[in-house]
Amino acid sequence: MFNLPETHFNFGGDEYIYAEISRDMRIESNFKALAVTDELRKREIPGIIDIVSSNSSYLVRYNPDIISARDLLDYLKEIDLTKSDPTKLHFSVRIVEIPAWYDDPVSKEFSYRFKNRHPSPDLSDFEFVMKVNGFTDKEAFIKCHSETPYLITMVGFLPGTAWHFPLGLQPNEIIQAPKYNSPRTETPERGIGLGGAFNVIYPVNGPGSYQLIGRSAIPVVDQNNQLEALKETSFLARPGDIWKYRPINESQYNKISSEVKTGKYRYKMKEIDLSPLEYAEKGKQYVRELMGDF
Amino acid sequence: MIEVKDPGLWTTVQDMGRVGKYHLGIPPSGAADKYSFLIGNLLVGNPVEFAALEMTLIGGEFEFHKNLIIALTGAPMEAYLNHQPLSLWETHYVKEGDILTIKACPIGVKSYLCISGGVNVPDVLGSKSTYELSQIGGFCGRKLIAGDRIPINEPLPGASKQIGKFTPLEFVPSFHHFQELRVMMGMTGYLMNDHALKTFLNSEWSVSHESNRVAYRYKGPKVSFTEQHPPFGAGNSFSNVVDIAYPIGSVLFTNEEELIVLQNDATTGGGFITIGTVISQDLDLIAQSRPLSKCRFIAVTIDQAMQARAERTKKLDALVHLIK
């Protein structure tokens, strides 16, 4: 599983180096990105400004007045090739439950408002995602989407946004959807988006290009630090965490929303150890063991 | 303290930006035209990273509640101190009760009001810059509104020696309706064919109205994407890749008729074809380009990018020597 092709490096202008582990998305590429960026962070190299682990790549921002671009490139290549064995990784992560109202009216309204940018303007985003994945029954789609645990493979876009990718599935089992042709200028806060094989929850109202399939009842960012679970960093998402959706209806959505507003809501979470090696060896079976009865 | 009588069109507190938080999805923010911003700080005797006000298209009206030393730089906004015309690119002494009125600029977009001592708002995640989308930093995380009272630090000792200092003409940027932007090609541009890359480089692009501190959008000719299968996980469109972390300055093609260049308040990642990155020096030019103005992209190598950087450093060093 960890037999990956050679990482492809690129200068991004005068301040960035972009490293592409693979063009395709695979869980093993993500584990490698985490391993390299972990190693790089540990070294605390002066002149490196930002280290970003992404889905199947990573990005380093540096100050070329301190480190030469070519020297840094050689240095990164060495770490990438020899010092980043994902099988040695062991993550202490959390499984987090996300109560989700699928096909909600707000997502529908945004689908229609931005339909001129949509690859299929006559359908709502939800209907479109069902159709391109061959679903005719709404409940079957919701069951399929919410049964799968998702690994947080990248954090970014807007503060608090986390790309999450299904764990333990074969490529042909994964729900996928094209992105908007041109990004929406607005997206409802807590909207659940699906683009390519990735899911996101939009933390705040902002731009977006993923198909809106529902709405999370709980926030993923809390600037005011009212919620216990988000006190530490204000953000729910951490790379390597696992998110699991639980379908809810309108009245459950309203009940949870009001608990969130008063600061009473308690996130359902469980701490676990995640081993890339065991995932590589046991696949789906390992995911089942991890999830237990969560 | 200065009191905002009229906030203008879009005025925020900015400094040199927020570093080390990109992995959390927090973009650097910071002054959009760093060249003008740096000169403003140099004029008033500040360290270059001190916070200032960044104004967009129309400046606004401010009342000073303290004797201060100020400088206006950037796009040539028409400015008045107590109804008397006030020149840009030089330092001025202002007294308690003085009113500074800054109107529109005929060319360019961003102007800076730099004040000796700097704007005093709390550091958030290591910077005073405003990041509006997530309401982080700056003055209450937002653009200024009438009635805001902006705290200003005491002028630095010796700041009064800066009064009357000005920027020699050869250091003042000219703001054009046409720009050449240097770009380093690469990233995920392999999903576009040679013809499309040539079309990108050989055409004129026009700034669209949907442009701001997050991103500039451009309209131009239709480019065609390679009809190869998009990578797994990217989505079915030819403009999609597996989502990556975007450098600031990334040139993205979201579809065959629109390109986007990310600015300092960028969304930090996404899944559109990224064919290259505009070099950091030229982000200043983009920030000063108005809707409907035109540009062309010029491909450069890493050595040329470093040379551009070195030239600017040299220029700023020369200026420091002249105005200190």
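**View 1. Interface of domain 1 and domain 2 of chain A in the predicted model.** Between them, domain 1 and domain 2 of chain A bury about 920 Å², 76% of it on carbon and sulfur atoms; buried area is the accessible area (1.4 Å probe) that two parts lose on being put together, summed over both. More than any other three residues, A:Ile27, A:Phe31 and A:Asn55 contribute to the area that domain 1 buries against domain 2, supplying 57% of it. The bounds, 8-85 for domain 1 and 92-291 for domain 2, come from an automatic or database domain assignment. Eight residues of domain 1 are in contact with 13 residues of domain 2, contact meaning heavy atoms within 4.5 Å.

This is a predicted model, in which local features need pLDDT of at least 70 and side-chain atom pairs count only at pLDDT 80 or more, while totals for chains, interfaces and linings use all residues. Residues are numbered from 1 along each chain as its sequence is written, chains are lettered from A and ligands numbered from 1 in the order in which they are written, and side-chain values use heavy atoms, with hydrogens and water left out.

**View 2. Surroundings of A:Ser57.** A:Ser57 is part of strand 4 (residues 57-62) of chain A; strands (E, at least two residues) and helices (H or I, at least four) are DSSP runs, numbered from the N terminus. Because its relative accessibility is 1%, A:Ser57 counts as buried (under 20% relative accessible area; exposed is over 50%, partly exposed in between; 1.4 Å probe, protein chains only). Leaving out residues up to four places away in sequence, A:Ser57 touches A:Tyr18, A:Ala19, A:Glu20, A:Ile21, A:Ala33, A:Val52 and B:Ile244.

**View 3. Interface of chain B and chain A.** Here 56 residues from chain B and 62 residues from chain A take part in the contact. The buried area is about 4500 Å², with 58% given by carbon and sulfur atoms. B:Phe232, B:Asp243 and B:Arg309 supply 16% of the area that chain B buries against chain A, more than any other three residues.

**View 4. Salt bridge between B:Asp243 and A:Lys179.** The side chains of these two residues meet at 3.2 Å, N to O. Six salt bridges are counted between chain B and chain A, each a side-chain nitrogen of Lys or Arg within 4 Å of a carboxyl oxygen of Asp or Glu.
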